[in-house]
Amino acid sequence: MASTCWPMSSQLREIYGAEFPDIKRYVDILASTGVEWGLIGPHEAERLWDRHILNSTALSELITANSTVADVGSGAGLPGIPLALVRPDLRMTLIEPLLRRSTFLTETVETLGIGDRVTVVRSRAEDHHQSYNFVVARALAPLDRLIGWCNPLRDGGGVILALKGSSAADEVEAARRHLQAAHLDAEVLKVQAHPAADPATVVRLRASA
Ligand SMILES: C[S@@+](CC[C@H](N)C(=O)[O-])C[C@H]1O[C@@H](n2cnc3c(N)ncnc32)[C@H](O)[C@@H]1O
């Protein structure tokens, strides 16, 4: 369990190295415009690093180099924007149906100067017809619905990474029938952006062997 002093600025600099200033700019945007636009709760602003940024970037170790990635239901850009900032090798597409959120995403991508590798698509997942090496999602929907939305976006060997809470294993159990119908195998994994960070729980879905 992370201590109450966690994360300190020095630790964040150690984790994110040269990318720290860009991630800090994104955190500042979330804490200002994100709160003003109602995308981030006012009480969340104090917990952006541990609850949102470290949790999002923990996915990085599961994503292979130079991949195309879709973040489905990106909201204010989580986990897609922090991942794109720590992994400039990725080609990221942020998929978000709501106008206010997709406008926020477009402006934020422009402000951060990452438009060459991050694309914003205003759409529901089920109306978007492209395929990706990785499909990531956080707080999108229960696993059965998430499979229906994300599986068609996966290319042949593609992988779905769903950031979940402590009930991940129960969700996998409840989605058994959907997993079989979609020919997917599920694993529940724990990943961390740093040994002192709370582990993130990820359900990884891949084509059945
Ligand atoms: C609870 S928010 C999570 C936002 C962000 N991923 C995060 O972790 O903070 C769920 C998001 O999914 C979006 N969403 C809902 N239905 C969707 C669909 N069918 N396709 C794509 N996104 C959807 C919503 O507009 C919302 O922004």
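**Starting at Phe104**

I began with Phe104, which counts as buried at 1% relative accessibility. For my own reference, buried means under 20% relative accessible area, exposed over 50%, and partly exposed in between, with a 1.4 Å probe and protein chains only.

Before going on, I noted that this is a predicted model, where local features need pLDDT of at least 70, side-chain atom pairs count only at pLDDT 80 or more, and totals for chains, interfaces and linings use all residues. Residues are numbered from 1 along each chain as its sequence is written, and side-chain values use heavy atoms, with hydrogens and water left out.

**Aromatic pairs**

Next I asked how many aromatic pairs the structure holds. There are three. Rings of Phe, Tyr and Trp (its six-membered ring) pair if their centres lie within 6.5 Å; planes under 30 degrees apart count as stacked, over 60 as edge-to-face and the rest as tilted.

I looked at Phe20 and Trp49, which form a stacked pair with 5.7 Å centre to centre and 15 degrees between the planes. Phe20 sits in helix α2 and Trp49 in helix α3, so this pair ties together parts 29 residues apart in sequence. Helices (H or I, at least four residues) and strands (E, at least two) are DSSP runs, numbered from the N terminus. Phe20 is buried at a relative accessible area of 5%, and Trp49 counts as buried at 15%.

I then found what Phe104 is paired with: Trp37 and Phe104 are edge-to-face, 6.0 Å centre to centre with 65 degrees between the planes. This pair links distant parts of the chain, with Trp37 in the loop between α2 and α3 and Phe104 in helix α5 (residues 99-112), 67 residues apart. Trp37 is partly exposed, with a relative accessible area of 24%.

I also wrote down that Tyr16, Phe20 and Trp49 form one aromatic cluster.

**Helix α1**

Tyr16 took me to helix α1 (residues 9-16), where the buried residues are Gln11, Leu12 and Tyr16. Seen down the axis of α1, they fall within an arc of 115 degrees, so they line one face of the helix. The arc is that of the directions from the helix axis to the C-beta atoms. A reminder to myself: an α-helix has 3.6 residues a turn, so residues three or four places apart point the same way.

What covers these residues? The cover includes α2 (20-36), α3 (48-57) and α4 (80-86). After α1 comes Gly17, with a positive phi near 50 degrees.

**Strand β5 and its partners**

I moved on to strand β5 (residues 154-164), where eight of the 11 residues are buried, so the strand is largely enclosed by the rest of the structure. Strand β4 (residues 132-138) pairs with β5 in the parallel sense over six bridges; two strands pair if DSSP finds at least two bridges between them. One bridge I picked out joins Val135 to Ile160 in β5.

From β4 the chain crosses through helix α6 (residues 143-150) to β5, and this β-α-β crossover is right-handed. That term applies if, with the strands pointing away from the viewer, the path from the first strand over the helix to the second runs clockwise.

I checked β7 too: β5 and β7 pair in the antiparallel sense over five bridges. Ala162 has Val203 in β7 as its bridge partner.

**Thr201**

Thr201 is in strand β7 (residues 200-207). Is this residue buried or exposed? At 9% relative accessibility, Thr201 counts as buried. Leaving aside neighbours within four places in sequence, Thr201 is in contact (heavy atoms within 4.5 Å) with residues including Ala162, Leu163, Val188 and Lys190.

The side chains of Thr201 and Lys190 are joined by a polar contact of 2.9 Å. A polar contact is a pair of N or O atoms within 3.5 Å; within protein, one must be able to donate a hydrogen and the other to accept it, and residues adjacent in sequence count only if both atoms are side-chain atoms.

Most residues other than glycine have a negative phi, and most peptide bonds are trans. I went looking for exceptions.

- The peptide bond from Leu78 to Pro79 is cis, with omega near 10 degrees, and Pro79 lies in the loop between β1 (68-72) and α4.
- Asn66 is not a glycine but has a positive phi of about 60 degrees; Asn66 is in the loop between α3 and β1 and counts as exposed at 59% relative accessibility.
- His183, also not a glycine, has a positive phi of about 55 degrees; His183 is in the loop between α8 (176-181) and β6 (184-191) and is exposed, with a relative accessible area of 57%.
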